[in-house]
2 protein chains.
Amino acid sequence: MTERGPRERMVFSAAQLIRRDGVTATGLRDVVAHADAPRGSLAHYFPGGKEQLVNEAVDWAGWYAANRIDRFLAGLARATPGRLFAAMVRQWTDEFAAIGYDQGCPVAAATVDASVTASTRAAAAAAFAAWRAPIARALVGMGVPARKATSAATLMVSALEGAILIARAERSPRALTTVARELGPLLDGYVIR
Amino acid sequence: MTERGPRERMVFSAAQLIRRDGVTATGLRDVVAHADAPRGSLAHYFPGGKEQLVNEAVDWAGWYAANRIDRFLAGLARATPGRLFAAMVRQWTDEFAAIGYDQGCPVAAATVDASVTASTRAAAAAAFAAWRAPIARALVGMGVPARKATSAATLMVSALEGAILIARAERSPRALTTVARELGPLLDGYVIR
DNA sequence: TTCGTTCCATGACAGCTGTCATAATATGAC
DNA sequence: GTCATATTATGACAGCTGTCATGGAACGAA
């Protein structure tokens, strides 16, 4: 979070509020207040209105999730697919334990909430793709066949997103720890040596 | 959908609109119009306001998803965990192919969108539990150990919900078919004979 | 009938939404 | 200095939100 100009702060704040309240429930005035930015700057930096701001927030979230994958890999000695997935899951259980279950995934929120605008839906698809790519690349580096790697990455993201959903509803990390435990052996089995 | 009185029609319409637009974006006037119900009845049948209506819609969705499990089992000759999961997934790929990707899971929408009211979040948790229970029961009937059955059911619901999310964003059944294919052998492996 | 209850109709309320027009101010190039 | 550009300020706009108060029908029981 560099937090340089007001523009970047607004995109970041939008992502924060969207992942908590959803797209529709997040007002532009809320974003401005959360970013401590001047209200007049909104129309200036985002001539495309709320739609543009939301799309950039979703883009940012996808980029952020992708970057996190490389950080997980750097923190893993003897990385395996199951251990990477466990790290992805642990990041969420830690976050839930630290700040509560009010904040989820902004991309999920954008997908579920803004079915109206096609560009936001496309931004969500791009975010999922941006997230999946480094995962698949990492799996290949661990010895997973290229064709299997994309499927495995899709499975990992799907299970994680669904478990985040259930964990938020139940206000418990149970679903997250469960999918990590059950999926670990399967994922490690994809490695050919 | 029996569609008896206006009250039931409103709950059903609320679920339909929520799973398409999200909770906040669904207005009570929209629900009334969709249900072709008198507007004056809203305050009469739902003195708890929008919150009550949303909660009942989420309850209904959980009940509906649970009942579908038994229907899947009835349609399966030689049921296995993987085949049950495949049937759950196919129900969604069929639905997406038939009516498009604008309608998702109402429980997911309620979880992501309505972080404000605690009762709606509790209703979503109850819906997930109501959905998971018949799955776990069915798995036990197939020979999955009782302790493993709940974990497996959680994994199935998580992967399905996440794949629904991705499929909606990508407007493609890819994620759904992928998780069904990858998870099938793992799920069948839970059976002890 | 007369009453009481259930259901529906209508309109108004304050509050919020995103958007935009207008203008003031800062910033920096020359 | 002068001027153009980038940024911010302010206020208003129509439209929608959920809620509620008031009143009117329908309808069965007594």
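Axes are lines fitted to C-alpha atoms, for helices over the stretch in contact, and angles run from 0 to 180 degrees between N-to-C directions. The model is predicted: local features need pLDDT of at least 70 and side-chain atom pairs pLDDT 80 or more, while totals for chains, interfaces and linings use all residues. Residues are numbered from 1 along each chain as its sequence is written, and chains are lettered from A and ligands numbered from 1 in the order in which they are written.

**View 1. Crossing of α1(B) and α4(B).** The axes of these two helices, α1(B) and α4(B), approach to within 8 Å and cross at roughly 80 degrees (helices are DSSP runs of H or I of at least four residues, strands runs of E of at least two, numbered from the N terminus). That places α1(B) roughly perpendicular to α4(B) (65 to 115 degrees; under 35 is roughly parallel, over 145 roughly antiparallel, the rest oblique). From α1(B), the contact uses Met10(B), Val11(B), Phe12(B), Ala14(B), Ala15(B) and Ile18(B); from α4(B), it uses Leu53(B), Val54(B), Glu56(B), Ala57(B), Trp60(B) and Ala61(B) (contact: C-beta atoms, placed from the backbone, within 7 Å). Of the residues in this contact of α1(B) with α4(B), 11 are nonpolar, none is polar and one is charged (nonpolar: Ala, Val, Leu, Ile, Met, Phe, Trp, Tyr, Cys, Pro; charged: Asp, Glu, Lys, Arg; polar: the others, including Gly).

**View 2. Chain A on its own.** Chain A has nine helices and zero strands. Along its sequence the pattern reads α-α-α-α-α-α-α-α-α. The C-alpha trace of chain A spans about 60 × 35 × 30 Å along its principal axes.

**View 3. Contact between chains A and B.** Chain B contributes 39 residues to the contact and chain A contributes 38. On the side of chain B that touches chain A, two or more residues come from each of α1 (6–21), α6 (106–113), α7 (118–142), α8 (146–170) and α9 (174–188) of chain B. α8(B) provides the largest share of that side, 16 residues. By class, the side of chain B that touches chain A holds 20 nonpolar, 10 polar and nine charged residues.

**View 4. Relation of the two chains.** Chain B is superposed on chain A by a rotation of 180 degrees with 0.0 Å of shift along its axis, at an RMSD of 0.0 Å (least squares on C-alpha atoms with pLDDT of at least 70 in both). This is the relation of a two-fold axis. Both copies use the same surface, as 97% of the contact residues of chain B recur in chain A.

**View 5. Surface near DNA strand C.** DNA strand C is surrounded by 13 residues, of which Gly27(A), Gly49(A), Pro38(B), Gly40(B) and Ser41(B) are the closest (near: C-beta atom, placed from the backbone, within 6 Å). At least two residues each come from α2 (28–35) and α4 (49–74) of chain A and from α3 (41–45) of chain B. The most, three residues, are given by α2(A). This surface near DNA strand C comprises four nonpolar, five polar and four charged residues.

**View 6. Surface near DNA strand D.** Around DNA strand D lie 13 residues, the closest being Pro38(A), Gly40(A), His44(A), Gly27(B) and Gly49(B). Here α3 (41–45) of chain A and both α2 (28–35) and α4 (49–74) of chain B supply at least two residues each. With three residues, α2(B) gives the most. Four nonpolar, five polar and four charged residues make up the surface near DNA strand D.

Definitions and conventions: Two residues are in contact if their C-beta atoms, placed from the backbone, lie within 7 Å.
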